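The sequence and the structure are shown first.

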Amino acid sequence: MLPKLLSLENTFKPSLLVQINDVRFNQHQVELWIKRDDLLHPIISGNKWRKLKYSLDHALSLGTDTVISMGGMYSNHLHALAYIGKILGLKTIGLVRGEQPLILTPTLRDVQDWGMTLKFVSRTDYRALRQYQDFDSFPDLKPAQYWLPEGGAQVFALKGVAELVHEINIAYDTLCVPCGTGATLAGMAAAVPDNVSVIGFAALKNAEFLRTDVAALLAQPLNNWHINLAYHFGGFAQKDASLTAFIEDFKLQHKISLEPVYTGKMMYALYDLLQKGYFKPGHRIIAVHTGGLQGNRK
Ligand SMILES: Cc1ncc(COP(=O)(O)O)c(C=O)c1O
């Protein structure tokens with residue numbers, strides 16, 4: 001990796017692996033651990049650095065001076081990208097889903113302050129942008145511009161996510177992660193030991209397409225992963241009172257903040273599946289805290 005990126009990474013804190021001591025898990029003799037990627041960095045938290053580092057290494061090695069990407073108004077991906085751009089001296093352009101709001105969200109205010117140029121695109125045009133999946137596939141790219149697909153979901157992301165997996169130094173049965181584009185899940189499936197299965201929890205409704213997207217990111221077919229589509233709570237960024245109460249309760253009991261878009265849904269799902277007898281006694285689960293707390297600001 002290029003020295004610029006290494007020196008940024010040297011400012012990161014370790015992602016701790018902590019056991020959740022909870023009577024419900026103890027009763028079922030199931031262990032729940034959390035890999036605290038949310039602790040990695042105050043801004044580039046969670047799976048963002050994992051997914052971005054090798055894409056940016058690739059971009060810089062090509063002589064890129066501008067990275068263009070896409071995301072919603074609360075996008076953790078754009079947030080991390082804009083900040084990294086500022087640190088590395090890279091220009092960034094964010095194509096943002098929907099009409100420009102009268103008042104920018106805290107996420108968009110941050111990214112603008114960090115120098116990202118924002119372009120608002122209609123929902124239809126935004127959907128169409130998803131067809132550009134390779135770094136050079138975006139139409140009318142100028143020299144030294146680099147296209148990063150939604151969520152940074154391209155093959156380079158898998159290599160960074162594999163590092164998360166290789167940091168885990170205990171034996172375990174199941175690795176869990178929330179899914180937006182499925183790139184983090186793909187990186188995990190490609191890197192876990194043979195006897196481990198990976199479960200992704202879809203943050204959006206009607207997310208069957210994720211299965212194809214994840215398979216497309218994998219260099220070879222793997223059958224050690226699946227995506228649970230049942231805990232979307234009505235759709236992307238939707239929540240109900242039970243999810244909100246769960247997140248509050250979890251914070252009170254375990255002093256760990258979750259947010260309702262990704263990590264809250266995954267953790268809720270794990271508790272629910274536990275109650276339903278999904279995990280056998282002796283099972284050890286590791287859930288990845290993928291960060292995203294900045295997106296929770298109003
Ligand atoms: C906090 C958080 N968790 C999980 C995900 C899902 O990651 P992926 O898009 O790789 O499925 C995202 C989106 O990138 C995210 O921001």
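The model discussed here is a predicted one. Under that sorting, the shell around the ligand divides into six nonpolar residues, 12 polar residues and no charged residues.

**The ligand and its surroundings**

The ligand is surrounded by 18 residues, and the closest of these are Asn-76, Gly-180, Thr-181, Thr-290 and Gly-292. Two or more residues of the shell come from each of helix 4 (76-88), strand 7 (174-179) and helix 8 (183-191), with helix 8 giving the most, namely three residues.

**Two domains**

The domain assignment of the protein chain gives domain 1, made of 3-45 + 154-296, and domain 2, made of 47-152. Because both domain 1 and domain 2 give residues to the shell around the ligand, the ligand lies between them. The C-alpha centres of the two domains are 23 Å apart, and 26 residues of domain 1 are in contact with 28 residues of domain 2. On the side of domain 1 that touches domain 2, helix 1 (3-9), helix 7 (155-167) and helix 8 each supply at least two residues, and helix 7 gives the most, with seven residues. That side of domain 1 divides into 10 nonpolar, 12 polar and four charged residues, whereas the shell around the ligand holds no charged residues.

**Helix 10**

Helix 10 (residues 241-254) has 14 residues and reaches 20 Å from its first C-alpha to its last, close to the 20 Å expected at 1.5 Å a residue. Which residues of helix 10 are buried? They include Phe-246, Ile-247 and Phe-250, and, seen down the axis of helix 10, its buried residues fall within an arc of 95°, so they line one face of the helix. An α-helix has 3.6 residues a turn, so residues three or four places apart point the same way. On the other side of helix 10, Ala-241, Ala-245, Glu-248, Asp-249 and Leu-252 are exposed. Helix 11 (263-275) is among what covers the buried residues of helix 10. Helix 10 is followed by Lys-255, whose phi is positive, near 60°.

Note on methods: Residues numbered from 1 in each chain as written. Predicted model: local features only at pLDDT ≥ 70, side-chain atom pairs only at ≥ 80, totals over all residues. Near = placed C-beta within 6 Å. Helix = DSSP H or I, 4+ residues; strand = E, 2+ residues; numbered from the N terminus. Nonpolar A, V, L, I, M, F, W, Y, C, P; charged D, E, K, R; others polar. Domains from an automatic or database assignment. Contact = placed C-beta atoms within 7 Å. Expected span 1.5 Å × (residues − 1). Buried ≥ 20, exposed ≤ 12 C-beta atoms within 10 Å, placed from the backbone. Arc of directions from axis to C-beta.
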